[in-house]
Amino acid sequence: MAAAKSNTNWFAIGVSIAVVVVLVVLGGLVVFLNNQATAPGVAPKSDIINEETGAISFGDGEDEVDTFVDFMCPICGTFEDQYGEKLQAAAADGTITLNIHPVSILDRFSQNTQFSTRAAGAMYCVAEKAPEAALDYFNLLFANQPEENTAGLSDEELAAFAEQAGAGAAADCIADGTYMDFVLDQTKAQEIAGTPTIEVNGKRLDLQAGEITEMEKLLG
């Protein structure tokens with residue numbers, strides 16, 4: 001438990017630093033999203049994708065935890081290092097329902113390759129084409145998370161990790177960028193100003209105020 005508390009401090013510090021960056025990024029995000037086509041992106045369909053919220057869901061617990069993550073976001077990586085295994089275990093044993101929302105707010109930090117949007121779209125491709133491999137793919141993307149201000153992973157690399165996770169059927173979907181517009185739609189609709197964004201039973205937590213404890217209580 002001592003180690004977990006130490007990690008929590010680093011997570012809280014990281015969140016505070018990230019807020020400054022997000023305030024700078026948000027203005028550019030709004031302009032970028034407003035320049036996108038007004039027609040909604042095609043939506044993925046799968047037994048594990050909620051058609052109303054766009055969440056990729058695991059488990060069937062009464063308490064729900066929603067995580068909104070950008071695969072380029074270093075604080076999201078810290079969050080997954082600290083809480084990912086516990087959240088996934090709690091979903092597996094029915095303690096919670098874990099709703100993962102891949103979003104995109106950090107494309108400008110991937111040298112114009114739109115890595116955040118491509119990676120989130122690839123996550124939806126896997127959730128649709130090979131839902132049994134979705135959680136493994138999610139974990140692989142964070143295990144191989146690129147640093148900010150790099151080009152990120154190529155589509156070929158994203159597809160290779162899908163193959164590694166057992167989702168080779170998603171390769172064409174990834175190459176075509178099928179769900180990139182859907183990712184942008186979801187990011188805008190959910191009003192995501194920074195990542196990670198965490199909700200517990202529909203309440204969006206104020207991580208700077210220490211409300212992450214509301215999620216921690218569900219994990220024991």
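Biologist: In strand 3, which residue is the bridge partner of T67?
Modeller: This is a predicted model. Seven bridges join strand 2 (residues 63-69) to strand 3, and the two run parallel. Within that pairing, the partner of T67 in strand 3 is I100.

Biologist: Which residue of strand 3 does I56 stand opposite?
Modeller: Strand 1 (residues 56-58) is joined to strand 3 by three bridges, and these strands run antiparallel. In strand 3, the residue opposite I56 is I100.

Biologist: How many of the residues of strand 3 are buried?
Modeller: In a regular strand, side chains alternate between the two faces of the sheet. On one side of strand 3 are I96, L98, I100 and P102, on the other T97, N99 and H101, and both faces are covered. For strand 3 (residues 96-102) the count of buried residues is seven of seven.

Biologist: Are the rings of F71 and F138 stacked or edge-to-face?
Modeller: A pair of aromatic rings is described by the distance of the centres and the angle of the planes. For F71 and F138 the centres are 5.8 Å apart. Their planes stand at 70°, and over 60 degrees is the cut-off, so the pair is edge-to-face.

Biologist: How many residues apart in sequence are the parts that the pair of F71 and F138 ties together?
Modeller: F71 is in the loop between strand 2 and helix 2, whereas F138 belongs to helix 4 (residues 134-143). F71 is buried, at 1% relative accessibility, and F138 is buried as well, at 1%. The separation in sequence is 67 residues.

Biologist: What is the angle between the ring planes of Y124 and F182?
Modeller: Y124 comes from helix 3 (residues 115-129) and F182 from helix 7 (residues 180-189), so the pair ties together parts 58 residues apart in sequence. The ring centres are 5.0 Å apart, and the pair is edge-to-face. The planes stand at 85°.

Biologist: Which residue lies over the face of F68?
Modeller: The distance to the ring centre of F68 is 5.3 Å, and the cut-off is within 6 Å. The residue over this face is R204.

Note on methods:
Residues are numbered from 1 along each chain as its sequence is written. This is a predicted model: local features need pLDDT of at least 70, side-chain atom pairs count only at pLDDT 80 or more; totals for chains, interfaces and linings use all residues. Side-chain values use heavy atoms; hydrogens and water are left out. Buried means under 20% relative accessible area, exposed over 50%, partly exposed in between (1.4 Å probe, protein chains only). Helices (H or I, at least four residues) and strands (E, at least two) are DSSP runs, numbered from the N terminus. Two strands pair if DSSP finds at least two bridges between them. Rings of Phe, Tyr and Trp (its six-membered ring) pair if their centres lie within 6.5 Å; planes under 30 degrees apart count as stacked, over 60 as edge-to-face and the rest as tilted. A charge sits over a ring if NZ of Lys or CZ of Arg is within 6 Å of the ring centre and within 35 degrees of the ring normal.
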